[in-house]
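Thanks for coming. I have one structure to go through today, so please look at it first.

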Amino acid sequence: MNVDQILADCRVPVLGICAYSGTGKTTLLKKLIPELNRRGKRLAVVKHAHHNFDVDIPGKDSYELRKAGAEQMLVASHVRRCLMAEKVTDGDPDLKELLAMIDQSRVDMILVEGFKKLPLPKLELHRAEVGKPFVYTQDDAIQALAVDADTQLPADLSLPVMDINDVDAIADFIETFVADWKPVGYAPLGTCGCDDVERKQLSVAQGIARILNEVKPVSSTETLPLLDAQNRVLAEDMASPINVPQHTNSAMDGYAICHAPETSHYTVVAEVLAGYGYDGTLLPGQAVKIMTGAPVPAGTDAVIMREVADQQGDQVCFQGEIELGQNIRNAGEDIAEGACALTAGKRIGPAELGLLGSLGLGQLPVLRRPKVAVFSTGDEVCQPGEPLKPNCIFDSNRFTIQGMLAKLGCEVIDLGILEDTEDAMASALQQASETADVVLTSGGVSVGDADFIKPVMERLGSIDFWKIAMRPGRPLAFGKINDTLLFGLPGNPVAVMVSFMQFVQPALRKMMGEPDWKPQMMRATTCEPLRSKVGRTEFQRGIMQLNALGELTVTTTGAQGSGMLSSMVEGNCLIVVEECQGNVAAGDSVWVQPFADLL
Ligand SMILES: Nc1nc2c(c(=O)[nH]1)N[C@H]1C(S)=C(S)[C@@H](COP(=O)(O)OP(=O)(O)OC[C@H]3O[C@@H](n4cnc5c(N)ncnc54)[C@H](O)[C@@H]3O)O[C@H]1N2
Ligand code: MOO
């Protein structure tokens with residue numbers, strides 16, 4: 001396990017303390033912990049023990065019950081609680097699991113003693129008289145040394161060195177470590193140290209970066225009526241021409257009052273319905289009967305809801321305390337006049353439509369929709385609705401692709417199923433490139449068929465055939481004819497969808513005016529083991545849901561063949577097993593990418 005995996009779920013810094021026995025580790029910690037406490041740091045310590053240790057006392061109930069066979073004994077009072085668990089693991093304790101047992105909401109950092117061989121950031125303690133070698137020479141994770149006066153260090157040592165007896169200096173170092181610490185990054189699609197194996201493949205992140213480098217955002221805009229702008233991207237910042245709400249108004253049906261501390265009865269001087277106003281100014285002791293949303297009269301300092309009011313004739317009194325300012329919505333408290341209500345690049349959904357409507361805007365400047373031409377290839381691929389020829393399959397890719405394009409708000413040009421000849425391909429690509437911003441094909445990009453699309457593309461433009469370190473979706477072709485981008489997606493139906501989500505989607509979004517779009521990612525606990533190979537990103541189809549404790553968990557949809565579209569139908573997310581992760585055990589946490597953006 002690498003350090004990112006061990007610390008993936010840690011929300012507080014973790015620092016190992018490593019030393020040979022006899023170095024005075026505990027002596028130092030007994031002084032260091034109170035010093036860190038004094039500086040406001042609450043600490044947890046995880047200690048590795050080699051022996052059959054016990055923390056309980058024979059004769060105590062907890063001891064006796066455990067010996068009687070309770071495999072987990074939790075003893076708790078108002079000052080302390082202690083969970084003693086028996087038969088927990090066959091081998092060495094797993095630090096990732098132990099860290100997950102610490103209540104990280106109650107500490108500022110975790111010190112780890114032992115687990116010397118794990119690649120955790122560590123502070124090495126050293127005393128010459130112990131006569132042991134340095135650890136830092138073999139371990140890149142050592143961040144600093146604390147040594148005694150007799151220790152000889154090489155002159156060119158680049159690590160910080162402190163006096164092992166200088167508790168203040170060591171506490172300073174730890175404070176800096178804590179301040180500089182960052183949780184394991186949100187980079188589930190990045191490369192993580194697999195580059196030492198000579199890569200003949202691109203990582204998912206490298207593929208995305210190369211593609212995005214070639215994408216130019218559309219620049220032409222059009223003005224559309226509000227409703228037609230749904231799922232379009234705003235071309236300009238929208239400043240609010242008015243205050244929202246426009247007037248300071250009542251949040252309740254009730255009485256607007258001008259507070260008079262001495263009075264228990266207020267005189268009702270008028271009634272204001274929504275859409276009307278009261279032109280006078282309230283004087284202390286006066287009230288106006290008011291409806292939700294109606295502008296409050298000048299002089300109002302509270303609105304009292306009708307349920308606590310008792311009106312007899314023109315006199316009204318109220319139960320309970322009157323809080324000044326209560327139930328008044330101030331003009332401009334949602335959006336102030338002149339403030340930017342929505343920025344250019346914002347995709348317009350139902351909430352944005354409503355908000356822009358509330359500003360009184362009937363028309364919006366939006367970016368042009370990209371035109372995307374789609375075709376399928378392969379002599380075995382048949383049009384649904386027509387008879388299926390022997391040994392053939394119905395086209396599904398053109399439909400999944402068009403469905404996702406529609407969700408993204410692209411204009412689709414459906415070129416159907418192309419005849420598998422060089423001429424057909426050449427004329428379709430030539431034509432498509434004259435009208436479309438992007439051309440999407442599926443199939444024919446793995447080794448067997450690559451020879452066919454390649455010469456055509458090279459004649460018309462340029463194309464690269466990549467192997468992406470991912471599954472499914474390993475082969476991917478990407479090229480250009482003039483300014484038109486071409487994606488050759490792999491033929492397998494699940495691979496098409498996964499490649500579209502990872503590569504085509506960010507490209508189209510950048511083109512549409514959302515340059516920094518990233519897929520939504522969440523952390524979930526897998527309920528089953530997942531098979532994966534270090535060095536490639538695995539996208540398994542998953543079903544994520546909350547368990548009885550309200551934690552996000554995920555299970556796979558079962559068999560993961562890259563032709564099995566039913567897995568995409570059944571699933572609600574992709575489980576992303578990162579490149580640096582091998583097999584994942586049940587109970588470990590993984591990234592999940594919900595389908596919500598596209599499916
Ligand atoms: N020797 C190798 N063989 C394969 C490799 C490889 O690296 N070396 N890669 C495998 C992977 S991974 C994938 S994915 C596929 C992708 O191959 P192609 O992009 O060349 O796609 P085809 O061979 O044309 O088709 C694959 C599969 O998909 C079906 N298909 C194609 N179009 C459609 C469509 N429109 N609707 C539904 N299904 C479609 C096609 O019938 C094939 O079953 O290659 C592996 N092989
Ligand atoms: O892209 Mo392929 O088998 O990885 O589906």
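I will take a helix pair, then some strands, then a ligand site.

This is a predicted model, in which local features need pLDDT of at least 70, side-chain atom pairs count only at pLDDT 80 or more, and totals for chains, interfaces and linings use all residues. Residues are numbered from 1 along each chain as its sequence is written, and chains are lettered from A and ligands numbered from 1 in the order in which they are written.

Helices (H or I, at least four residues) and strands (E, at least two) are DSSP runs, numbered from the N terminus. Helix H6, residues 204-214, packs on helix H11, residues 493-512, at an angle of about 30°, and their axes are 10 Å apart. That makes H6 roughly parallel to H11, the term for angles under 35 degrees. Axes here are lines fitted to C-alpha atoms over the stretch in contact, with angles from 0 to 180 degrees between N-to-C directions.

Which residues meet? From H6, Val204, Gly207, Ile208, Ile211 and Leu212 meet Gln502, Phe503, Pro506, Ala507 and Lys510 of H11; contact means C-beta atoms, placed from the backbone, within 7 Å. These residues divide into seven nonpolar, two polar and one charged, with Gly counted as polar.

Now the strands, where pairing takes at least two DSSP bridges. E34 (residues 589-594) runs antiparallel to E30 (residues 522-526), joined by four bridges; Arg523 has Trp591 as its partner in E34. E33 (residues 573-577) also pairs with E34 in the antiparallel sense, over four bridges, and Cys573 is bridged to Pro594.

Last, ligand 2. The residues around ligand 2, with C-beta within 6 Å, include Arg471, Arg474, Asn492 and Ser562. By class, that shell has three nonpolar, three polar and two charged residues.

Note on methods. Angles under 35 degrees count as roughly parallel, over 145 as roughly antiparallel, 65 to 115 as roughly perpendicular and the rest as oblique. Two residues are in contact if their C-beta atoms, placed from the backbone, lie within 7 Å.
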